[in-house]
Amino acid sequence: MTNIKKVSELAGVSTATVSRTLKMPDMVTARTKEKVMKAVKEAGYRPSWLATSVKTGRTNTIVVLVPNLINPFFMRIIGGIEQAAQERGFTVLLCDTQGDSKRESDYASMVLTNRADGLIQLDHSFPFNEDDAKLAETIPMVSVCERIHSDKKYPVVALDNYAASRALAHHLVSYGHTKFAVIVGQVVSQIHKDRLSGLRSVLAEESIAFDEEMVVGQSYSIENGIEGMRQLLAKPNRPSAVICFNDDIAIGAMHEIHRQGLSVPDDISVVGFDNVKVSAFINPPLTTIDQPAYEMGRRGMEVLSDVINGVPLTRSSEMLPFQLLERQSSGPAPQ
């Protein structure tokens, strides 16, 4: 097997620089990184992570807790995590928790038993059980897209959900809508609170009354969108605009609207969050908030790598930008 000395000779740098580039690429210049990675490829070098683990006490593996692996939004985040992890010499272990606390704690315990060096949580829950909570305070852990519920503030990379919800509300108000409804996902998360707060703040500024009975739903699924829309259409005052807390919910909501003989957006405007790929191709194409999911995952992995390597963080919370994509599912309020 080609060794690290051969790589250093090809790159014209020391073996220490090669090691630093592979383990902590942010600590070397772009030119050095380019030379080393070119030499690695030319030499066919494969680091012995087992030897490294014995020497350093690290596994160069990180655990990613995913609430639902079939959700396309999470898959985009994972793509960013995987790319950044590969660049930094980490292997990613994906754990589909299905929102089950027992599964979460079982997977999370891999970090406590030195089978992984750190953890990325894509859900809002604190993943360790009560017995392990104290020990877990020392664990490198980063929250991506959701803020972890914990007394300790872990680093978080997320969207400004309050501002994004305000953008959707302003968009719908500009079309003359005054009768709003919301189909939500998880009701205990910070995302839920921030998005509802964003909507309420705009309506208050515009002196538009909001009926709290028009908030329905409980999960990020198409089925939740169908059932939520069914509940809303059964109410005496039908909404003219529905904000859905992800695109799957919006797809379900539009299906139910069409099933009941109504039109989107002529009768009801529907908007979503996430900009999953299919949202641009449904009928009508969905107005939605484009979250930079890949960049969120990539940045989350970069932060976790810094925490594992003892690099001081310049800030504990990073909010990435969003874009409102206006498509044909939203339009003027019916007269």
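**Entry: valine 202**

I looked up valine 202 and found it in helix α9, residues 190-205. Helices here are DSSP runs of H or I with at least four residues, strands are runs of E with at least two, and both are numbered from the N terminus. The model is a predicted one, in which local features need pLDDT of at least 70, side-chain atom pairs count only at pLDDT 80 or more, and totals for chains, interfaces and linings use all residues. Residues are numbered from 1 along each chain as its sequence is written, and side-chain values use heavy atoms, with hydrogens and water left out.

Is valine 202 buried or exposed? Valine 202 is buried, because its relative accessible area is 0%. Buried means under 20% relative accessible area, exposed means over 50%, and partly exposed is in between, with a 1.4 Å probe and protein chains only.

I then listed what valine 202 touches, leaving out residues up to four places away in sequence: Arg166, Ala169, His170 and Val173. A contact means heavy atoms within 4.5 Å.

**Entry: the whole chain**

I counted 12 helices and 12 strands in the protein chain. The C-alpha atoms fill a box of roughly 75 × 45 × 35 Å along the principal axes. The protein chain has 335 residues, and 52% of them are buried.

Of the contacts with a separation of 6 or more, 72% are between residues 24 or more positions apart. I put the accessible surface at about 15700 Å², with 50% of it belonging to carbon and sulfur atoms. Such areas come from the Shrake-Rupley method with a 1.4 Å probe, and for residues only the protein chains shown count as cover.

For charge, I found 35 positive and 39 negative side chains, with the centres of the two sets 9 Å apart. Lys and Arg count as positive and Asp and Glu as negative, while His and the chain ends are not counted. The place of a charge is taken as NZ of Lys, CZ of Arg, CG of Asp or CD of Glu.

**Entry: rings**

How many aromatic pairs are there in the whole structure? The search finds 4. Rings of Phe, Tyr and Trp (its six-membered ring) pair if their centres lie within 6.5 Å; planes under 30 degrees apart count as stacked, over 60 as edge-to-face and the rest as tilted.

The rings of phenylalanine 73 and phenylalanine 74 have centres 5.9 Å apart and planes at 50 degrees, so I logged a tilted pair. Both of these residues are buried. Phenylalanine 126 and phenylalanine 128 also form a tilted pair, because their ring centres are 5.7 Å apart and their planes are at 55 degrees. Phenylalanine 126 counts as partly exposed because its relative accessibility is 22%. Phenylalanine 128 is at 6%, so it counts as buried. Ring pairs link Phe126, Phe128 and Tyr154 into a cluster.

**Entry: two arginines**

Arginine 195 lies over the face of phenylalanine 245, 5.7 Å from the ring centre. The charged end of arginine 195 also sits over the ring of phenylalanine 273, at 3.7 Å from its centre. A charge sits over a ring if NZ of Lys or CZ of Arg is within 6 Å of the ring centre and within 35 degrees of the ring normal.

Where is arginine 88? I found arginine 88 in the loop between α5 (72-87) and β2 (91-96). Its relative accessibility is 5%, so arginine 88 counts as buried. Leaving out residues up to four places away in sequence, arginine 88 touches Leu22, Lys23, Pro25, Asp26, Glu302 and Ser305.

**Entry: backbone angles**

I noted a cis peptide bond between valine 264 and proline 265, with omega about 10 degrees. Proline 265 is in the loop between α11 (247-259) and β9 (269-274). The peptide bond from asparagine 283 to proline 284 is cis as well, with omega near -5 degrees. Proline 284 is in the loop between β9 and β10 (287-290).

Glutamine 98 is not a glycine, yet has a positive phi of about 55 degrees. I placed glutamine 98 in the loop between β2 and α6 (101-112). Glutamine 98 is partly exposed, because its relative accessible area is 47%. Aspartate 274, also not a glycine, has a positive phi near 115 degrees. Aspartate 274 lies in strand β9. Aspartate 274 counts as buried because its relative accessibility is 6%.
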